Amino acid sequence: MIPTIELAAVAASALYGILRGLRDGFDIVGLLCVGAATAFGGGTLRDLFLDRTPLFWVEHEYLLWVVFGLAAVSAVTPRMVARIEPYLIWPDALGLGLFSVAGAAVAVNEGMSPLIAAVMGVITGTFGSVICDVICNETPNIFRTSPLCATCALLGAIVYLTGESLAIPATISQPLAITAAATLRLLAVWRKWIVPVRLLESVEPA
Amino acid sequence: MIPTIELAAVAASALYGILRGLRDGFDIVGLLCVGAATAFGGGTLRDLFLDRTPLFWVEHEYLLWVVFGLAAVSAVTPRMVARIEPYLIWPDALGLGLFSVAGAAVAVNEGMSPLIAAVMGVITGTFGSVICDVICNETPNIFRTSPLCATCALLGAIVYLTGESLAIPATISQPLAITAAATLRLLAVWRKWIVPVRLLESVEPA
Amino acid sequence: MIPTIELAAVAASALYGILRGLRDGFDIVGLLCVGAATAFGGGTLRDLFLDRTPLFWVEHEYLLWVVFGLAAVSAVTPRMVARIEPYLIWPDALGLGLFSVAGAAVAVNEGMSPLIAAVMGVITGTFGSVICDVICNETPNIFRTSPLCATCALLGAIVYLTGESLAIPATISQPLAITAAATLRLLAVWRKWIVPVRLLESVEPA
């Protein structure tokens, strides 16, 4: 089941990046690059930070083909792909959950402390969209007041790490953590939940 | 004494990033991320370039808690934190000095040549603020005509490396180098010293 | 012959970044940083992704001096350097060819598959200019409709990798691949060849 979700997570992240690129008038090469950066950015940073080799997409090459295929299809039939966007929330939420739990699990396997594992989970879950925003020359979305995102990744990592510390088997704690993160993400998007601290008005621009 | 300065350096860098985030309307998650990126960016890049593991903030986890705490306090009392800004120049200058000397020292310990050590010192001292500018979607400040910054980091690295080549003990050369870099930085900010080559008017925009 | 081309490639990439910096009013420190980032960005990313140490510019320190020298000369005589720009296309095309073939060759030596080697070739050949665009706060040029660039890098990597799989010696396949990539790049710039899929009008901005 995990490989299916992983595939869905990579595909959803890649599509998120590709759709952003379509709006900005990227050509097929640009779509491919922004799709790959969004899908692989978080996991790559985690692997670099933990000095893991080979990188996860070097190990699982078929993920590259998935992103290539999506970019090619999107370049040829952009309008059709744009119509998928409303349904992207499902794989996006699942992907956020899976990436964050996978990130934390990888860090635990490398002997990291729970704090570092949680940080790696959040980085893996969210950095792809940050890098996509930087490439598209916008202030990263998750840094501004927008539906909970990093918080969902953190919840997923915490649920999984709590399970670890209670010696609950990963086959139970991981699906639970992924579900928790994905559910919170779906609720946040639907109900427009944001971090309950608004700051925009409180400091004058310099 | 070094741990105290290191703590001050990380805290000052984090606050620099957090204050930038406050002005741009970031929420608490964004503040945390931009604070961490500014405080840890330079050292992380150095550690990646030199293939050192674990990264310095993975090794010294308490630094993460410091950044988390600052982001939380800043999100709750943004106006109060904004009032600290004028005094930030002190830990900022100390931090620049310490980060650049620490960066060069780490490279020397890894067997690097003086040139590479100086480059690593400048990267460690300045890259945090570069990454902060990129995240906040501005052309990095230190690349434009602004008070000396990379030059101060370079001075610190050079003083330390000269000490090394003269076999002066690190307990003497390091404080000296940190003081030199911090003093130059303070003078540059107060007297608005800039690199003495202005270029803005000399080439037409394309 | 290869060292000469490598030197030309680094110098051309550095000049490309420096000229961009000149237009944006960077001071000498900024020119140095943007020049180094453009010249070394792609190869550094490849080395990090493949976990190679030391990085190529740490190993070949003279490349740093070349970039330093170019930045210094450009800061002092910006108008003269700006006049070189029209001729930059030659070393730029050669550099693209060399960097992409070198990137693929390094990956093959590390035991990577042809797909990963091709990806590394494209990253090495093109990422320098992407990072330059991000620093200068623009949407990366190669992602938009502009003369073929990543495609040329890909062609170079594919020609070389085809040679490898046919057991043709590198002394033959590498010059051939570099020539193929450089020729396509020159033709693309002169004849304004672009990727034959235009998307700008096809999706409404969100």
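Colleague: Where in chain C is P54(C) found?
Modeller: Keep in mind that this is a predicted model. P54(C) sits in the loop between helix 2 (28-49) and helix 3 (56-59) of chain C. The peptide bond leading from T53(C) to P54(C) is cis, with omega near -10°. Chain A has a cis bond too, joining T53(A) and P54(A), with omega about -10°. P54(A) is placed in the loop between helix 2 and helix 3 of chain A.

Colleague: What is the order of elements along chain A from the N terminus?
Modeller: It reads α-α-α-α-α-α-α-α-α, that is, 9 helices and 0 strands. Of the 206 residues in chain A, 55% are buried. Among contacts in chain A with a separation of 6 or more, 75% link residues 24 or more positions apart.

Colleague: How do I set a record's annotation beside the model?
Modeller: Take the listed span and look at its geometry. An unreviewed UniProt entry lists "transmembrane region" for chain A at several spans, including 25-42 and 114-135. Over residues 25-42 of chain A, the chain is 83% helix and 0% strand, with end C-alpha atoms 24 Å apart. Residues 114-135 of chain A are 100% helix, and their end C-alpha atoms lie 31 Å apart.

Colleague: Which residues of helix 8 of chain C are buried?
Modeller: First the general idea: an α-helix has 3.6 residues a turn, so residues three or four places apart point the same way. In helix 8 of chain C, the buried residues include A150(C), A153(C), A157(C), Y160(C) and L161(C). The buried residues of this helix pack against helix 2 (28-49) of chain A, and also against helix 6 (89-109), helix 7 (114-135) and helix 9 (170-191) of chain C. Helix 8 of chain C has 16 residues and reaches 22 Å from first to last C-alpha, close to the 22 Å expected.

Colleague: What is the phi of A167(C), and is that residue buried or exposed?
Modeller: A167(C) has a positive phi of about 60° although it is not a glycine. It lies in the loop between helix 8 and helix 9 of chain C. A167(C) counts as exposed because its relative accessibility is 66%, above the 50% cut-off. In chain B, A167(B) also has a positive phi, near 60°, and is exposed at 64% relative accessible area.

Colleague: Which residues make the nonpolar surface patch of about 280 Å²?
Modeller: L166(A), I168(A) and I172(A) make that patch. L166(A) lies in the loop between helix 8 (150-165) and helix 9 (170-191) of chain A, and is exposed with a relative accessible area of 58%.

Notes. Residues numbered from 1 in each chain as written. Chains lettered and ligands numbered in written order. Predicted model: local features only at pLDDT ≥ 70, side-chain atom pairs only at ≥ 80, totals over all residues. Heavy atoms only, no water. Patch = residues over 30% accessible without salt bridge, like charges linked within 9 Å, V, L, I, M, F, W, Y side chains within 5 Å. Areas by Shrake-Rupley, 256 points an atom, 1.4 Å probe, with all protein chains shown as cover. Salt bridge = Lys/Arg side-chain N within 4 Å of Asp/Glu carboxyl O. Helix = DSSP H or I, 4+ residues; strand = E, 2+ residues; numbered from the N terminus. Buried < 20%, exposed > 50% of the residue type's maximum accessible area, 1.4 Å probe, protein only. UniProt positions renumbered as here; feature names shortened; annotations may be inferred. Expected span 1.5 Å × (residues − 1). Contact = heavy atoms within 4.5 Å.
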